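Please keep the sequence and the structure in view while reading.

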Amino acid sequence: SSVHHHHRKLGRASIETLDTRLSRDTYLDAWAAALFAGRLAGEGGSLLDVSRAVATAPDPVNDPLPRDLLLEGLALVFTDGRPAAVPTLRRAVTAFASGDVSEDEVLRWGWLASRAANLIWDYDRGLEIGRAAVRLARSSGALEGLAVVDNATGQAAAAGGDFASATLLAAEVQTIKEATGTRIAPHAALALAGIRGREGAASELIAGVTADATVSGQGTAVQYACWASSVLMNGLGRYDEALAAAVEASEQTPELHIASWALNELIEAATRTGRAELARDGLDRLGEHIETCDTDWALGIHARSSALLSDGDAAESLYREAIDRLSRTQLRPELARAHLDDLVQPVCGPDLHRVLDRALPCLDGVRQPDPVTTDLRTVPACQRGGLTVGAWQQAAERVERLRGGRSAGGELPQERP
């Protein structure tokens, strides 16, 4: 009888373990669903609602699995704020990028772990987890899952200036949409369109996604489209439009990584349109978003944004820091932007030679088939490799102005800002 009682106890324990496991996995799926819905979530289904509910979930029976850490970290972003969530998110991202994670976990939640990497500004691990998830989804034939990881990984590839991979992943999402009828928004294509800066196709895609995603309740896709629009418009030098889109993207679900990226655009657009107070407010918010994150991505973006709000030696040393940090990352388009901003600051006197000597080689920092020609405007759009039209033209005009201004005696003109 005692043996029978012992077996009954074991059975109950394993059911409890199973119930706990099922319960926690259900919460993680609910969090993922709330992420798609964003600010368009129904009553009780918002990211904050689900995150609060996670606090009442049963603790893992044994040591937490990578997905347990992911659930806890993501929920903390909304209940306690991002800085409080960073240590747990870091453990989760490290676990998903390690050999200790099961294939099933990577297949089901790898895309979400790669978004968690964005929240802690860990570009390399986010890309690595995403690529692993794409490989597994392709080999398992899980099409709906593949579209989700293609989107996440395609966005990361675009941010790194790897447009070939991003284009393939975005095309695969489109193929899956046609084959299965899934309504998933084309996040990878949006990121690519914004960063590439080809206006016609990009504006059409952004408008289409905004309309479709609003109807289908995909609030985060709407926020994503606003962010992509702000990147596009900043690149085209249409700063008023960039500012409007960036403000919207930074406020829709302000806790998300997309809002952080939008603040990067907001600060640039506000600075260029003379809205110093708005730019400073954006920089304060960006500072909160990178708190406790010491990656070169986070600190490089913050230094570049700070440089935009500074001048003279202070700006120069912040640009140096941004370029130094971003050059240690895979984020080629952001590095190129920092170089360009540094180049187009008002430059005069002895600084001129240094800037000219540095400018042209570094504009080649993004993958391009040909070296940059001296007249940057002759570089066809397809070779700009992530540098947007407005930025290239600004740089080109400045280089020409500075070159033409050198007098025979080697004296340097004081340039008008």
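**Briefing on a predicted model**

The second largest pocket has a volume of about 420 Å³, in what is a predicted model rather than an experimental structure.

- Two or more lining residues are given by each of α8 (163-180), α9 (187-196) and α10 (199-215), and the largest share, 8 residues, comes from α10.
- By residue class, the lining of this pocket divides into 13 nonpolar, 4 polar and 6 charged residues.

**Enclosed cavities**

- Rolling a probe the size of a water molecule over the atoms shows where empty space is left.
- In this model the count comes to 5 cavities of 30 Å³ or more, and the second largest cavity has a volume of about 190 Å³.
- The second largest cavity is lined by 13 residues, of which Leu-35, Phe-36, Trp-111, Arg-115 and His-187 are the closest to its centre.
- At least two lining residues of the second largest cavity are supplied by each of α1 (2-37), α5 (103-119), α7 (143-159), α11 and α13, with the largest share, 3 residues, coming from α7.
- The lining of the second largest cavity comprises 8 nonpolar, 4 polar and 1 charged residues.

**The largest nonpolar core**

- In soluble globular proteins, nonpolar side chains tend to be buried together.
- The largest nonpolar core here has 109 residues, and those with the most contacts inside it are Leu-70, Leu-74, Leu-112 and Trp-227.
- Helix α11 (residues 219-235) gives the largest share of this core, 10 residues.
- When its neighbours within four places in sequence are left aside, Leu-70 is in contact with Leu-28, Ala-92, Phe-96, Trp-109, Leu-112, Ala-113 and Ala-116.

**Salt bridges**

- Side chains of opposite charge can pair when their charged atoms come close.
- Across the whole structure, a search finds 21 salt bridges.
- Which residues form a linked network of salt bridges? The network links Arg-21, Arg-24, Asp-25, Arg-67, Asp-68 and Glu-105.
- Glu-268 and Arg-272 meet through their side chains in a salt bridge, at 3.5 Å from N to O; because the two residues are 4 residues apart in helix α13 (residues 257-272), they are separated by about one helical turn.
- Within that pair, Glu-268 is buried, with a relative accessible area of 6%, whereas Arg-272 counts as partly exposed at 28% relative accessibility.
- A salt bridge also forms between Arg-325 and Asp-296, whose closest N and O atoms are 3.0 Å apart; Arg-325 lies in helix α16 (residues 312-326) and Asp-296 in helix α15 (residues 296-308), so this pair ties together parts that are 29 residues apart in sequence.
- Asp-324 forms a salt bridge with Arg-328, with 3.2 Å between the closest N and O atoms, and Asp-324 counts as partly exposed at 41% relative accessibility.

How values were computed. Residues numbered from 1 in each chain as written. Predicted model: local features only at pLDDT ≥ 70, side-chain atom pairs only at ≥ 80, totals over all residues. Heavy atoms only, no water. 1 Å grid on protein atoms, 1.4 Å probe; cavity = no way out; pocket = protein on both sides within 12 Å on 5 of 7 lines; lining within 4 Å. Points joined across faces, edges and corners; volume = space filled by probe spheres on them. Nonpolar A, V, L, I, M, F, W, Y, C, P; charged D, E, K, R; others polar. Core = buried A, V, L, I, M, F, W, Y, C linked by side-chain atoms within 4.5 Å. Buried < 20%, exposed > 50% of the residue type's maximum accessible area, 1.4 Å probe, protein only. Contact = heavy atoms within 4.5 Å. Salt bridge = Lys/Arg side-chain N within 4 Å of Asp/Glu carboxyl O.
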